[in-house]
Amino acid sequence: FDWWGFSGTGIQSIFAWIAYNRDSFADNVSMRQAQKYQQQNYQISWIAVARDDIRDMMGISVNRINNYMIVATLILSVAAGAGGRGQFG
């Protein structure tokens, strides 16, 4: 039985296993980091979309209120003009 050959093969196997685990760990770290970046970018883009939607809804509400104010001003000016002509005209 060749003890030197057997122990040499065992030592080579151990070093190969350590190198494989080291490479796998490095690959897993890079993939995990890329996944975290992707999750953060998704959350940031989702917040941007939500902000845009809220901005659009607020713009619609402000325009509607402005239109109501214009119509109310026109109605009041017509009413004041008609009432004023009757009294002062």
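Here is a quick tour of this structure, from its overall fold to its surface and charges.

What you're looking at is a predicted model, where local features need pLDDT of at least 70, side-chain atom pairs count only at pLDDT 80 or more, and totals for chains, interfaces and linings use all residues. Residues are numbered from 1 along each chain as its sequence is written, and side-chain values use heavy atoms, with hydrogens and water left out.

The protein chain has one helix and zero strands; both are DSSP runs numbered from the N terminus (helices are H or I, at least four residues; strands are E, at least two). Helix α1 covers residues 3-88.

How much of the chain is buried? Of its 89 residues, 0% are buried, where buried means under 20% relative accessible area, exposed over 50%, and partly exposed in between (1.4 Å probe, protein chains only). The accessible surface comes to about 8,400 Å², and 66% of that belongs to carbon and sulfur atoms. These areas come from the Shrake-Rupley method with a 1.4 Å probe; for residues, only the protein chains shown count as cover.

I11, I14, F15, W17 and I18 make a nonpolar surface patch of about 560 Å². Patch residues have over 30% relative accessible area and no salt bridge; nonpolar side chains (Val, Leu, Ile, Met, Phe, Trp, Tyr) are joined within 5 Å, like charges within 9 Å. I14 sits in helix α1.

There is one salt bridge, meaning a side-chain nitrogen of Lys or Arg within 4 Å of a carboxyl oxygen of Asp or Glu. R55 pairs with D52, their closest N and O atoms being 2.9 Å apart. Both lie in helix α1, three residues apart, about one turn of the helix.

| Residue | Relative accessible area | Class |
|---|---|---|
| R55 | 54% | exposed |
| D52 | 38% | partly exposed |
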